[in-house]
Amino acid sequence: MANPRHSVRLWGAGLPERLVGGKGASLDRLVGWGASVPRAGVVTTEAYRSFVAASELSESLNEVRARPLPTPDRFEAEIRRIDELFLTAPMPEQLGREILRLADDVAPGGALAIRSSATAEDMGSDRKSTRL
């Protein structure tokens with residue numbers, strides 16, 4: 001059974017930032033105001049926590065948090081290492097199905113733009129968006 005708190009369609013219902021992140025909540029407000037916003041959905045912060053817990057990333061992330069910040073010459077290597085942790089972690093089957101169901105609801109059979117919600121990723125040229 002799908003967990004409605006893992007992925008939600010934006011209908012303008014006033015979704016809280018703690019559930020859908022700052023950009024998701026802002027987009028949901030725009031939808032509610034009647035602004036011209038493409039059909040959209042959000043993979044929630046709860047889905048992220050479930051993914052981290054199921055893939056046992058918590059221990060690795062705690063280790064990263066416990067270490068001192070990398071020196072500037074090691075920063076990019078540390079980012080690549082953390083990215084690799086996430087990219088190689090197994091996606092829980094149910095969560096993957098929920099995300100695919102949301103994608104089909106938002107863009108049935110069509111193109112889909114996927115956008116990261118991390119504000120820091122908007123800085124410089126390191127934008128994390130993908131078009132499928």
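Let's start with His-6, which sits in the segment before strand S1 (7-9). Keep in mind that this is a predicted model.

- Is His-6 buried or exposed? His-6 has a relative accessibility of 9%, so it counts as buried, since the cut-off for buried is under 20%.
- The side chain of His-6 makes a polar contact of 3.0 Å with the side chain of Ser-50, and another of 3.2 Å with that of Glu-98.
- If you skip residues up to four places away in sequence, His-6 touches a list of residues including Val-42, Thr-44, Ala-47 and Leu-95.

- Which residues of helix H2 (residues 45-54) are buried? They are Ala-47, Phe-51 and Val-52.
- These three sit on the same side of H2, because they cover an arc of only 135° around the axis.
- The face turned away from that buried side carries the exposed residues Arg-49 and Ala-53.
- Among the elements covering the buried residues of H2 are strand S2 (41-43), helix H3 (57-66), helix H4 (75-88) and helix H5 (93-106).
- Just after H2, look for Glu-56, which takes a positive phi of about 60°.

**Salt bridges**

- How many salt bridges does a search of the whole structure find? The search finds five.
- One of them joins the side chains of Arg-9 and Asp-105 (3.4 Å, N to O). Arg-9 is in strand S1 and Asp-105 is in helix H5, so this pair ties together parts that are 96 residues apart in sequence.
- Asp-105 also meets Arg-39 in a salt bridge (3.9 Å, N to O). Arg-39 lies in the loop between H1 and S2, so here the parts tied together are 66 residues apart in sequence.
- Put together, Arg-9, Arg-39 and Asp-105 are linked in a network of salt bridges. Arg-9 is buried at 14% relative accessible area, while Asp-105 is partly exposed at 33% and Arg-39 is partly exposed at 46%.
- Arg-97 and Glu-93 pair up too (2.7 Å, N to O). They are four residues apart in helix H5, so about one helical turn separates them.

**A nonpolar patch on the surface**

- Leu-27, Leu-30 and Trp-33 form a nonpolar surface patch, with about 320 Å² of accessible area together.
- Leu-30 belongs to helix H1 (residues 17-33) and is partly exposed, with a relative accessible area of 31%.

Notes. Residues are numbered from 1 along each chain as its sequence is written. This is a predicted model: local features need pLDDT of at least 70, side-chain atom pairs count only at pLDDT 80 or more; totals for chains, interfaces and linings use all residues. Side-chain values use heavy atoms; hydrogens and water are left out. Helices (H or I, at least four residues) and strands (E, at least two) are DSSP runs, numbered from the N terminus. Buried means under 20% relative accessible area, exposed over 50%, partly exposed in between (1.4 Å probe, protein chains only). A polar contact is a pair of N or O atoms within 3.5 Å; within protein, one must be able to donate a hydrogen and the other to accept it, and residues adjacent in sequence count only if both atoms are side-chain atoms. Contact means heavy atoms within 4.5 Å. Patches are made of residues with over 30% relative accessible area and no salt bridge: like charges are joined within 9 Å, nonpolar side chains (Val, Leu, Ile, Met, Phe, Trp, Tyr) within 5 Å. Accessible areas come from the Shrake-Rupley method with a 1.4 Å probe; for residues, only the protein chains shown count as cover. A salt bridge is a side-chain nitrogen of Lys or Arg within 4 Å of a carboxyl oxygen of Asp or Glu. The arc is that of the directions from the helix axis to the C-beta atoms.
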